[in-house]
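Please examine the sequence and the three-dimensional structure shown below.

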Amino acid sequence: MNINKKKVTIGIPCFNEEDNVLVIYKKIKEITLRLKKYQFDFLFVDNGSNDNTREKIKILIKKDRLVKAIFLSRNFGPENSGQAVMDFADDVDALITLPCDFQDPPELIPKFLKKWEKGCNVVVGVYTNSGDDWFTAFIRKSFYSIFKKISNIDIPINASGVGLLDKKALKAINLLPEKYRFFRGLRSWIGFRTDFVEYERKKRLYGKSSYHGYFDYLKHSERGIFGFSYLPLDIMIYFGFIITVLSFLFIIGYLLTVILFGNPIKASITLMLAVVFFGGVNLLALSIIGKYVQVIVEETKNRPVYIVDEKLNFKD
């Protein structure tokens with residue numbers, strides 16, 4: 001083994017990928033064998049799969065001493081399995097994360113490394129075609145367009161979680177203490193020299209996505225909005241101020257009307273509409289505040305973001 005080779009870990013998060021594990025390993029291995037100047041190892045993180053993913057990974061470990069595996073005690077969500085990849089990528093010069101579903105092609109690996117060799121600390125995969133149906137693609141693109149405008153960080157539209165982090169960037173992200181994580185946001189927040197690689201995202205090779213419907217996408221988007229933007233609170237503050245001013249003017253106008261013309265207004269319907277409207281506004285405001293409180297509660301619990309059930313092929 002050449003000690004002068006740069007050490008690169010390929011991190012592969014998995015959830016119910018029994019049909020993809022062996023196929024993606026074979027493809028990644030084929031690509032990395034051509035890249036002679038690097039020392040590669042392969043880190044699979046199984047996010048509590050309930051199929052034969054664990055058994056397939058164990059088969060790889062028996063065949064290849066460069067394959068390592070982390071098995072989580074249950075499904076902790078895609079953000080936290082990705083965090084496990086970063087936590088267990090020890091003593092590496094660079095980490096490349098590539099999900100097991102083949103939507104993000106392994107052919108990106110040499111392109112990421114080329115950008116890294118040019119001095120980039122962070123390389124981000126940006127897909128030009130998501131492989132989703134038009135409505136899902138529209139929703140996804142709309143979210144990132146809005147998020148880019150309301151947050152205090154700059155995330156390219158259609159930026160994926162796939163990419164490369166060098167040793168410096170990886171250490172910076174792992175030092176961040178928050179539990180309620182949105183990786184794409186954190187990756188942009190740490191800064192450093194960043195470049196992008198465009199590619200076409202494909203449909204899954206086998207299996208089904210761990211996202212079941214638009215509600216899962218909505219819950220994931222909340223991590224970005226409430227973790228990186230205070231605009232919802234600002235809007236409620238400004239809206240509350242405007243409503244207060246208008247209400248004050250209405251009261252003054254109503255009192256003048258009563259003094260000058262008596263009480264010609266039949267107020268029952270008006271009052272009912274006002275109660276319903278302001279009740280809805282208050283409920284919305286409390287809900288927004290509640291989401292921020294939820295984030296605070298998650299942080300103060302200080303629970304680990306995942307629990308390891310088993311580690312295989314690690315020195316310790």
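Two strands are said to pair if DSSP finds at least two bridges between them. Helices (H or I, at least four residues) and strands (E, at least two) are themselves DSSP runs, numbered from the N terminus. The structure is a predicted model, in which local features need pLDDT of at least 70 and side-chain atom pairs count only at pLDDT 80 or more, while totals for chains, interfaces and linings use all residues. Residues are numbered from 1 along each chain as its sequence is written, and side-chain values use heavy atoms, with hydrogens and water left out.

Strand E4 comprises residues 94-97. Strand E1 (residues 6-14) runs parallel to E4 and is joined to it by four bridges; glycine 11 has threonine 97 of E4 as its bridge partner. Strand E6 (residues 159-166) is also joined to E4 by four bridges, but these two strands run antiparallel. Here isoleucine 96 stands opposite leucine 164 of E6.

Are the faces of E4 buried or exposed? Buried means under 20% relative accessible area, exposed over 50%, and partly exposed in between (1.4 Å probe, protein chains only). Ala94 and Ile96 on one side of E4, and Leu95 and Thr97 on the other, are all buried. Helix H3 (residues 78-87) is mostly covered as well, with eight of its 10 residues buried; among them are Glu79, Gly82 and Met86.

In soluble globular proteins, nonpolar side chains tend to be buried together. A nonpolar core is a set of buried Ala, Val, Leu, Ile, Met, Phe, Trp, Tyr and Cys residues joined through side-chain atoms within 4.5 Å. The largest such core has 37 residues, and Val8, Ile10, Phe44, Ile109 and Leu113 have the most contacts inside it. A second, separate core of 33 residues includes Leu43, Ile153, Ala169 and Leu170. Contact means heavy atoms within 4.5 Å. Not counting residues up to four places away in sequence, valine 8 touches several residues, including Ala94, Ile96 and Trp116.

Asparagine 158 lies in the loop between helix H5 (134-150) and E6. This asparagine counts as buried because its relative accessibility is 14%. Asparagine 158 and tyrosine 127 are 31 residues apart in sequence, and their C-alpha atoms are 5.7 Å apart in space.

The cysteines remain. A disulfide is counted for a pair of cysteine sulfur atoms within 2.5 Å, and the structure holds zero disulfides. Cysteine 100 is in no disulfide; the nearest cysteine sulfur, that of cysteine 14, is 3.9 Å away. Cysteine 100 is buried because its relative accessible area is 1%.
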